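Visitor: I'd like to learn how to read a structure like this one. Could you walk me through it, step by step?

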Amino acid sequence: MSDAPITRLSLLLRMKDAEDHEAWRTFVEVYAPLVFRFARKRGLQDADAADLTQEVLGSVADAMKRNKYQPGRGSFRDWLHTITRNAVNKHLRRAQTDPSNTLNSIHQGHVEQIPAATDQEEWDHEYHKRLFTWACEEVRGGFTEKTWEA
């Protein structure tokens with residue numbers, strides 16, 4: 001279990017409304033870079049990681065519309081991690097069966113070397129970093145450049 005801040009319940013509730021653009025903007029700003037970096041660290045190229053990020057965000061949007069996320073079963077961040085990890089694994093399995101892919105052995109070796117505990121720890125660490133960066137971006141406009149640099 002992580003001691004990282006939980007995703008605000010108010011944000012999750014607002015995300016059920018597909019027309020709440022501010023809630024979805026916040027979600028994308030916080031979580032899209034996290035998903036993208038996770039995919040890149042698993043060996044996906046930039047374009048594939050970007051596509052996978054869009055796929056994961058689309059899955060989350062669909063799931064939120066259908067009330068698929070159940071807070072009683074675990075944290076939102078862990079749920080998103082599971083969706084992301086499954087999408088990466090699916091992508092890597094497809095890459096292994098594609099005869100035109102010259103990186104099959106690199107993908108497989110990369111996946112096999114990552115213990116599950118390390119995977120969760122890395123996800124949580126990346127989440128902390130991304131949340132801090134996002135929070136800084138949100139408040140930076142309230143400071144002069146000189147004060148910010150100090």
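This is a predicted model: local features need pLDDT of at least 70, side-chain atom pairs count only at pLDDT 80 or more; totals for chains, interfaces and linings use all residues.

Visitor: Which residues of H4 are buried?

Guide: The buried ones are Phe76, Arg77, Leu80, His81, Ile83, Thr84, Ala87, Val88, His91, Leu92 and Ala95. Viewed down the axis of H4, they fall within an arc of 165°, so they line one face of the helix.

Visitor: How many residues does H4 have, and how far does it reach?

Guide: H4 has 22 residues, and its first and last C-alpha atoms are 32 Å apart, close to the 32 Å expected at 1.5 Å a residue.

Visitor: Can we zoom in on a single residue?

Guide: Of course. Take Leu80, which sits in helix H4 (residues 76–97). Buried means under 20% relative accessible area; Leu80 counts as buried because its relative accessibility is 0%.

Visitor: Which residues is Leu80 in contact with, leaving aside its neighbours within four places in sequence?

Guide: Leu80 is in contact with Phe27, Tyr31, Val35, Val56, Val60 and Trp123. Val56 is 24 residues from Leu80 in sequence, yet their C-alpha atoms are 8.3 Å apart in space.

Visitor: And how does the whole chain look?

Guide: The chain has 7 helices and 0 strands. Buried residues make up 33% of its 150 residues. Among contacts with a separation of 6 or more, 67% join residues 24 or more positions apart.

Technical notes
Residues are numbered from 1 along each chain as its sequence is written. Side-chain values use heavy atoms; hydrogens and water are left out. Helices (H or I, at least four residues) and strands (E, at least two) are DSSP runs, numbered from the N terminus. Buried means under 20% relative accessible area, exposed over 50%, partly exposed in between (1.4 Å probe, protein chains only). Contact means heavy atoms within 4.5 Å. The expected span of a helix is 1.5 Å times one less than its number of residues. The arc is that of the directions from the helix axis to the C-beta atoms.
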